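Thanks for coming. I will go through one protein chain today, and I will give each term its cut-off when it comes up. Please have the sequence and the 3D view open.

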Amino acid sequence: MADDIRQALTRLAEPVVPGPDPYQRLLARVRRRRQRRVAVLGVAGVVAAAMALPVFGAAGRLTVTGVASSPPPAAGTYQPASPIDKPMARQLLDSPTRGNLADDRTLIAEIERQYRASRAELLVDPTLDEVKVLLAHDMPDSRTVVVAFLDASHALIRRGDGQAGASVPELLRKTGTPVEPQPLEPYVFLSRHSPVNGGRVTDLTAGLAPAGCLVEASTDGRLQPDGSVARSWQVVSTEGYVVRGPGEGAERWRFTCQGVVRYDGPAGGGSMIVYPEEAAPPVPTDGARGSVDATLAATAARELDREMKGQGLLGPVPQVIWGGQLPDWVPGAPAAVLVRSCSTDAGCAAMLRVEVEPGRSPQQPGLGAPSDYWTTKGGPDLTVVPVPGGSGGVLVFGPESATDVKFLDGKKKTIASGRLDSGVGVIHIDPDQVAEVQVFDKGGQLLETANLRADFGQLGEPTVWAW
């Protein structure tokens with residue numbers, strides 16, 4: 001009776017718990033504070049296992065950690081389930097099992113039976129007496145299941161991973177338990193990371209929505225000079241799910257349910273694609289202006305290429321176009337390089353990459369840490385990109401004959417100006433205040449104009465998140 005009262009009070013308290021920040025607000029904040037690989041709201045969970053580190057996503061940007069064997073919970077200590085208060089969330093729970101193991105009814109029944117018996121160990125309230133396998137899928141080297149625990153009004157989701165052909169007990173041992181309750185959403189995005197060459201590589205990326213949703217993928221986006229993207233789409237599934245293996249997650253996904261585009265963005269809901277730690281291959285620096293650090297240039301070219309692939313964008317191998325030392329007003333006055341890749345439609349993606357501070361990994365910064373790089377997009381004749389490090393300022397790269405630059409606000413009023421050396425200059429100005437940039441030659445003739453956007457760091461289209 002005491003347990004029943006405790007659980008009832010927990011559910012009654014749920015409506016007064018503050019919800020997560022809205023998706024667009026968080027996305028904007030992350031973009032402005034660090035331009036890492038876009039990590040739009042997907043619940044990220046890491047399941048620690050000797051053979052892999054999978055990441056599980058649903059909604060929010062919360063990190064959860066699972067262990068091979070969790071300590072038994074205190075009596076009556078369970079994670080509160082989420083109310084099933086969205087029609088599409090109910091549709092997800094009512095959908096048939098998806099994945100290439102869905103027709104193995106014996107296996108599905110055994111997964112349901114053993115997960116039901118292990119509810120307490122997974123911090124699942126035993127009153128959630130229905131167990132539903134939402135996804136059961138085998139890759140060549142792994143097996144993944146997504147399981148929902150529910151009753152008539154509440155539900156929560158768990159995810160388990162194992163080696164190819166893993167038994168249900170093995171899947172249970174490697175089922176993650178979130179560090180805090182997660183909201184129930186009409187979708188599940190997940191990825192799985194395995195150790196390779198001393199680092200990690202993403203070997204599985206999956207998306208799951210209600211059955212009947214159309215899933216499409218695109219890998220041929222071409223940047224246009226105005227920053228838009230032209231692309232085509234290929235149908236992946238009409239059953240609301242997609243699973244990608246190693247090397248297949250660099251694309252853009254679109255989920256359409258009942259005629260409405262519910263998600264249009266990077267694969268896996270924006271979960272970061274992780275690559276093995278290895279030295280970047282050298283890139284040519286001939287023709288670049290300034291003094292180029294070859295190692296930094298190789299890193300920047302590789303990272304821009306990965307950023308573009310993660311957005312499903314086509315483009316040639318990035319070229320190094322400038323290198324040098326940033327001014328003293330930038331913390332540490334680091335070395336920097338500018339690389340750029342322009343599509344056949346003359347739209348360009350550019351990255352300004354700075355030297356990483358000793359002792360800090362560029363792959364694992366804190367959420368509020370200054371960015372190691374900024375990206376921008378536009379045409380091939382004038383590139384304007386914010387200076388990394390959180391100090392403000394922009395780098396302007398224009399025609400080599402350009403000697404002066406002016407910055408205009410949205411009312412066409414000049415708010416700052418500066419000098420360029422061989423068409424390049426770093427000017428201390430808040431990029432958020434700038435709407436237009438103009439560069440001039442020594443005779444005062446206008447050479448090029450660029451319109452600045454508020455979407456620095458967003459190489460592809462805005463992400464649609466309309467669940």
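A disulfide here is a pair of cysteine sulfur atoms within 2.5 Å. By this rule the chain has two disulfides. Before I go through them, a word on where the values come from. The model is predicted, so local features need pLDDT of at least 70 and side-chain atom pairs count only at pLDDT 80 or more, while totals for chains, interfaces and linings use all residues. Residues are numbered from 1 along each chain as its sequence is written, and side-chain values use heavy atoms, with hydrogens and water left out.

Where do Cys 213 and Cys 257 sit in the chain? Cys 213 is in the loop between strand S9 (199–208) and strand S10 (214–218), and Cys 257 is in strand S15 (residues 252–257). They are 44 residues apart, so the pair links distant parts of the chain.

I just said strand, and I will soon say helix. Both are DSSP runs numbered from the N terminus: helices are H or I with at least four residues, strands are E with at least two.

Are these two cysteines buried or exposed? Buried means under 20% relative accessible area, exposed means over 50%, and partly exposed is in between, with a 1.4 Å probe and protein chains only. Cys 213 has 3% relative accessibility and counts as buried. Cys 257 is buried too, at 2%.

The other disulfide is Cys 342 with Cys 348, also with sulfur atoms 2.0 Å apart. This link is right-handed, with 100 degrees about the S-S bond. Cys 342 is partly exposed at 25% relative accessible area, whereas Cys 348 is buried at 2%. If you number the bonded cysteines in sequence order, the pairing is 1-2, 3-4.

Now the chain as a whole. The secondary structure comes to six helices and 29 strands. Of the 467 residues, 55% are buried. A contact means heavy atoms within 4.5 Å. Among contacts with a separation of 6 or more, 62% are between residues 24 or more positions apart.

I will take one sheet in detail. Two strands pair if DSSP finds at least two bridges between them. In general, strands of a sheet pair through backbone hydrogen bonds, either parallel or antiparallel. This sheet is open, has four strands in the order S4-S7-S6-S5, and pairs antiparallel. Its edge strands are S4 (82–83) and S5 (130–139), each pairing on one side only.

What joins S5 to S6? Nine bridges do, and the two strands run antiparallel. S5 and S6 form a hairpin with two residues between them.

How many of the residues of S6 are buried? Nine of its nine are. In a regular strand the side chains alternate between the two faces of the sheet. Ser 142, Thr 144, Val 146, Ala 148 and Leu 150 point one way, Arg 143, Val 145, Val 147 and Phe 149 point the other way, and all are buried.

Axes are lines fitted to C-alpha atoms, for helices over the stretch in contact, and angles run from 0 to 180 degrees between N-to-C directions. H3 lies across S5, S6 and S7 at about 70 degrees to S5. H4 (residues 105–117) lies across S5, S6 and S7 too, at about 125 degrees to S5.

Last, a closer look at H3 (residues 87–94). Its buried residues include Met 88, Ala 89, Leu 92 and Leu 93. They cover an arc of only 145 degrees around the axis, which puts them on the same side of H3. That arc is taken from the directions from the helix axis to the C-beta atoms. An α-helix has 3.6 residues a turn, so residues three or four places apart point the same way. The face of H3 turned away from the buried side carries the exposed residues Pro 87 and Asp 94.
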